Amino acid sequence: VNGKQEIRNAVPQTTAATTAAGIALPPVACELQQPSGVTSGLPGYMFICSNEVEQECAALQIFGSAQWELSKMKRFITPETELFLFNFESLTLRGVFTPVGFPEQDLAPDAFDGKCRAQVRVAFNSGQLRQV
């Protein structure tokens with residue numbers, strides 16, 4: 001076995017992301033572990049935003065992402081999916097939100113300066129809305 005290959009496989013893979021506004025986010029290690037004692041849970045999906053976009057999300061009750069995310073959103077966002085909104089400027093995580101309907105392209109065509117065309121309508125769960 002090639003020693004270089006073993007080392008490469010031992011290091012967690014990282015992924016870099018770019019916000020809809022074109023701001024590069026630092027790479028994040030992609031290593032998920034389920035907490036001990038937890039056997040199952042509800043599915044979840046997280047959206048990333050800036051301060052300005054967070055206000056637009058609240059006003060429109062829509063979360064958006066880049067067009068290339070639409071197929072993932074359609075695959076993973078169901079009526080049971082818990083949605084979260086992470087503001088990378090304030091480092092605030094908000095949730096739980098509930099999808100209203102299914103993800104589609106351009107539910108609000110003028111939203112997010114046309115940069116987040118994959119969209120889903122959301123409801124703010126009273127009693128469950130938390131900010132961390």
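Cysteine 57 is buried, with a relative accessible area of 2%; buried means under 20% relative accessible area, exposed over 50%, and partly exposed in between, using a 1.4 Å probe and protein chains only. Cysteine 49 also counts as buried, at 2% relative accessibility. The sulfur atoms of cysteine 49 and cysteine 57 lie 5.5 Å apart, which is too far for a bond. A disulfide is a covalent bond between the sulfur atoms of two cysteines; here it is taken as a pair of cysteine sulfur atoms within 2.5 Å. Cysteine 57 is in no disulfide, and a search of the whole structure finds 0 of them.

This is a predicted model, in which local features need pLDDT of at least 70 and side-chain atom pairs count only at pLDDT 80 or more, while totals for chains, interfaces and linings use all residues. Residues are numbered from 1 along each chain as its sequence is written, and side-chain values use heavy atoms, with hydrogens and water left out.

The protein chain has 3 helices and 8 strands, in the order α-β-β-β-α-β-α-β-β-β-β along the sequence. Helices (H or I, at least four residues) and strands (E, at least two) are DSSP runs, numbered from the N terminus. Of the 132 residues in the chain, 27% are buried.

Serine 50 sits in the loop between strand S3 (44-49) and helix H2 (51-60). Serine 50 is buried, its relative accessible area being 13%. Leaving aside residues up to four places away in sequence, serine 50 touches Asn87, Phe88 and Glu89, where contact means heavy atoms within 4.5 Å.

The largest nonpolar core has 19 residues. Such a core is a set of buried Ala, Val, Leu, Ile, Met, Phe, Trp, Tyr and Cys residues joined through side-chain atoms within 4.5 Å. S3, strand S4 (62-65), helix H3 (70-76), strand S5 (82-87) and strand S7 (118-124) each supply at least two residues of this core. Phe47 is among the residues with the most contacts inside it. The side chain of arginine 94 makes a polar contact with that of glutamate 54 (2.2 Å). A polar contact is a pair of N or O atoms within 3.5 Å; within protein, one must be able to donate a hydrogen and the other to accept it, and residues adjacent in sequence count only if both atoms are side-chain atoms.
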